[in-house]
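Have the structure open while you read.

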Amino acid sequence: MSAAVRYFTRSGNTKKLADAIAKEIGVEAKEVSEPLQEKTDVLFLGSSVYAAGVDHAVKKFIADNKDKIGCIYNFSTAALLPSTYNQVKKLAEENGIAMAEEEFHCRGSFMLMHKNRPNEEDEAKAAAFAKEVMKKKEG
């Protein structure tokens, strides 16, 4: 079962989660600017909400790598809005990629809101999410 972690971040919040997930499953977290090198059964894809949407870099990554992605597992951070799940799911569907129902989302710090989030507890929960996904997939 192959797995990869890709993320997009401006503030570093989503990178914290990506690193925790990657460490748990034994891979390296990479930014979405780095394409997948081979077919990946499980892709943990991290993004944040910027101006009510996911960044163009995430959209480009999905489109450019659609033939190498088995199933996307979304993880995200946001200060105010809910997760990026629905937006990423729409992009996945448009590109013929399976999207898991399970996701991980937590608050991310922005200006004075949610200071120091994601924190160690959030990172531990993200790692537990990844562990559970891999356990189910390996079955």
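## Rings, sheet and cores

Phe 104 counts as buried, because its relative accessibility is 10% and the cut-off for buried is under 20%. Keep in mind that this is a predicted model.

Ring pairs tie Phe 44, Tyr 73, Phe 104 and Phe 129 together into a cluster, and a search of the whole structure turns up three aromatic pairs. Two of them look like this:

| Pair | Centre to centre | Angle between planes | Kind |
|---|---|---|---|
| Phe 44 and Phe 129 | 6.1 Å | 80° | edge-to-face |
| Phe 104 and Phe 129 | 6.3 Å | 35° | tilted |

Both pairs bridge distant parts of the chain: Phe 44 in strand β3 and Phe 129 in helix α4 are 85 residues apart, while Phe 104 in strand β5 and Phe 129 are 25 residues apart.

Five strands make an open, parallel sheet in the order β2-β1-β3-β4-β5. The edges are β2 (29-31) and β5 (98-107), each pairing on one side only. On average, neighbouring strands are turned by 25° against each other, direction ignored. Strand β1 (residues 3-7) pairs with β2 in the parallel sense over three bridges; in β2, Lys 30 is the bridge partner of Arg 6. Helix α4 (residues 120-138) packs on this sheet, touching β1, β3 (40-48), β4 (69-78) and β5, and its direction makes about 165° with that of β5.

What about the nonpolar cores? The largest has 22 residues, and Val 5, Phe 44, Tyr 73 and Phe 75 have the most contacts inside it. At least two residues each come from β1, α1 (13-25), β3, β4, β5 and α4. Leaving out residues up to four places away in sequence, Phe 75 touches a list that includes Val 5, Leu 17, Ile 21, Phe 44 and Phe 104. Apart from this core lies another, of 19 residues, among them Ala 4, Val 54, Val 88 and Ile 97.

Val 88 sits in helix α3 (residues 85-94) and is buried, with a relative accessible area of 0%. Beyond its neighbours within four places in sequence, Val 88 is in contact with Leu 45, Ser 47, Val 54, Ile 62, Ile 72, Asn 74 and Met 99. Val 58 is 30 residues from Val 88 in sequence, yet the two are 8.5 Å apart in space, C-alpha to C-alpha.

Terms used
Residues numbered from 1 in each chain as written. Predicted model: local features only at pLDDT ≥ 70, side-chain atom pairs only at ≥ 80, totals over all residues. Heavy atoms only, no water. Helix = DSSP H or I, 4+ residues; strand = E, 2+ residues; numbered from the N terminus. Buried < 20%, exposed > 50% of the residue type's maximum accessible area, 1.4 Å probe, protein only. Contact = heavy atoms within 4.5 Å. Pairing = 2+ DSSP bridges. Axes fitted to C-alpha atoms, helices over the stretch in contact; angles between N-to-C directions. Core = buried A, V, L, I, M, F, W, Y, C linked by side-chain atoms within 4.5 Å. Phe/Tyr/Trp six-rings, centres within 6.5 Å; stacked < 30°, edge-to-face > 60°.
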